[in-house]
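Visitor: I would like to learn how to read this model. Can you take me through it feature by feature?

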Amino acid sequence: MAFYRRAGDIPPKRHTQHRDEAGALYYEELMGEEGFSSDSSLLYHSGVPSAIVDATPWELPDQSTTENRPLLPRHLKLHSLFDEDWKAVDVVTGRRLVLGNADVRISYVVAGEASPLYRNATGDECVYVESGSATVETVFGSLSARQGDYVILPRSTTHRWVPTGSEPLRAYAIEANSHIAPPKRYLSRYGQLLEHAPYCERDLHGPEGPLLTEGTDVEVLVKHRGSRGVTGTRYVYPEHPFDVVGWDGCLYPYTFNIADYEPITGRVHQPPPVHQVFEGGNFVICNFVPRKVDYHPLSIPVPYYHSNVDSDEIMFYCGGSYEARKGSGIEQGSISLHPGGHSHGPQPAAVERSIGAEFFDELAVMVDTFRPMELGEGGLAAEDPAYAWTWSGRGPGR
């Protein structure tokens with residue numbers, strides 16, 4: 001993210017003295033990526049940002065995964081994972097792992113309670129708000145998150161989620177072991193979004209603030225790398241981490257609403273890369289939005305059958321009616337997992353039915369991974385075992 005932003009009180013020259021009205025120095029913190037060779041921001045704290053007074057293990061929710069074997073396309077019904085107890089659940093500790101590999105983990109949560117302060121030190125997070133709303137308080141300031149927002153949180157950003165309103169906050173969390181950014185082909189060599197990109201800087205909304213929150217002996221949950229995958233630590237800070245009086249730079253959290261994505265269409269069916277919105281290490285994020293569809297007189301608007309020879313495809317259905325999946329049991333809140341090595345495409349009747357269509361009213365978030373995805377405990381609990389046989393109409397032993 002190479003778009004400069006500043007907020008609050010900062011000195012005219014970086015790495016120079018910056019004092020409060022009483023003459024006390026503020027403490028400068030550089031938050032940067034890739035060892036001082038990529039995007040960064042400078043934050044000015046009233047307290048020492050590295051000071052801690054306690055550290056204890058934090059036991060994460062179940063992070064175990066199960067191999068997709070036998071190799072099957074899967075249908076996971078995420079809305080079945082949470083019941084009326086959602087009001088006591090928070091977006092951080094209440095996440096249930098649905099799918100994961102060494103590059104990315106996908107979780108789902110339905111929440112009604114404010115989360116603890118949290119920092120993911122394993123990689124960036126992209127959290128899609130399926131429904132509901134929240135304020136995301138961060139060390140940079142606060143973000144307003146609403147239905148359809150992608151909330152991008154850079155690695156090690158201290159933050160917490162505070163649901164707003166009476167409706168449950170439904171969140172689809174994509175956690176990387178890398179950074180998440182706009183695709184390189186959308187960017188100039190200096191980092192500006194180009195004219196052919198399906199969104200621009202005006203569509204990205206940074207934090208408002210700083211928050212200048214006070215407090216002592218403040219707990220922060222940290223997810224970080226361990227010898228056997230991800231693990232957790234509970235830090236206690238002598239002063240609140242949101243003591244930042246000002247900051248500037250090109251690294252900060254932001255939101256982007258899926259309704260601001262301008263779809264790219266053509267005379268014949270366009271391949272998934274035209275729907276891409278972000279990229280991470282060994283995975284991409286795409287979105288399928290309401291759009292005018294193929295306008296060649298003999299076009300077939302739904303996708304052709306295709307083999308993912310290099311990737312697994314994970315589609316989260318979050319609005320409208322996805323034409324290619326009608327008749328398969330897919331509904332709002334469903335995930336389809338189509339693994340590499342399995343040829344997949346529309347349900348048979350959907351092909352003929354789509355001919356002549358001029359517009360698709362569908363909304364879906366897709367993650368393509370370049371290593372196989374395994375099933376988390378949430379994925380196993382939400383599976384519809386009949387899905388794999390919906391193309392043929394018969395299953396084993398029939």
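Guide: Start with pairing: two strands pair if DSSP finds at least two bridges between them. Strands (E, at least two residues) and helices (H or I, at least four residues) are DSSP runs, numbered from the N terminus. Here, β25 and strand β26 (residues 334–338) pair in the antiparallel sense over four bridges. Within that pair, Ile314 has Leu337 in β26 as its bridge partner.

Visitor: What should I know about the model itself?

Guide: This is a predicted model, in which local features need pLDDT of at least 70 and side-chain atom pairs count only at pLDDT 80 or more, while totals for chains, interfaces and linings use all residues. Residues are numbered from 1 along each chain as its sequence is written, and side-chain values use heavy atoms, with hydrogens and water left out.

Visitor: Which strand pairs with β25 over eight bridges?

Guide: Strand β29 (residues 362–369), in the antiparallel sense. Phe316 has Val365 of β29 as its bridge partner.

Visitor: How do I read burial, and how many of the nine residues of strand β25 are buried?

Guide: Buried means under 20% relative accessible area, exposed over 50%, and partly exposed in between (1.4 Å probe, protein chains only). In strand β25 (residues 312–320), eight of the nine residues are buried, so the strand is largely enclosed by the rest of the structure. Take Cys318, which is found in β25. Cys318 has 4% relative accessibility and counts as buried.

Visitor: What is Cys318 in contact with, leaving aside its neighbours within four places in sequence?

Guide: Contact means heavy atoms within 4.5 Å. With those neighbours set aside, Cys318 touches Tyr128, Glu130, Gln332, Leu363, Ala364 and Val365. Compare sequence and space too: Cys318 and Ser131 are 187 residues apart in sequence, yet 8.9 Å apart in space, C-alpha to C-alpha.

Visitor: Now a whole sheet. What is the order of the open sheet of nine strands?

Guide: The order is β5-β30-β7-β8-β15-β10-β13-β20-β16, with antiparallel pairing. β5 (65–66) and β16 (204–205) stand at the edges with a single partner strand each, so one side of each is left without a neighbour in the sheet. Leu97 stands opposite Ser107 in β8.

Visitor: How do I read UniProt labels, and where is the feature "active site" placed?

Guide: UniProt positions are given in the numbering used here, feature names are shortened, and annotations may be inferred rather than shown by experiment. UniProt, in an unreviewed entry, places "active site" at His269. His269 is in the loop between β20 (254–257) and β21 (276–280). Apart from neighbours within four places in sequence, His269 is in contact with Asp294, Ile300, Pro301, Val302, Pro303 and Tyr304.

Visitor: Which residues does the annotation "binding site" cover?

Guide: Tyr322 and His344, according to the unreviewed UniProt entry. His344 lies in strand β27 (residues 343–344). His344 is buried, with a relative accessible area of 0%.
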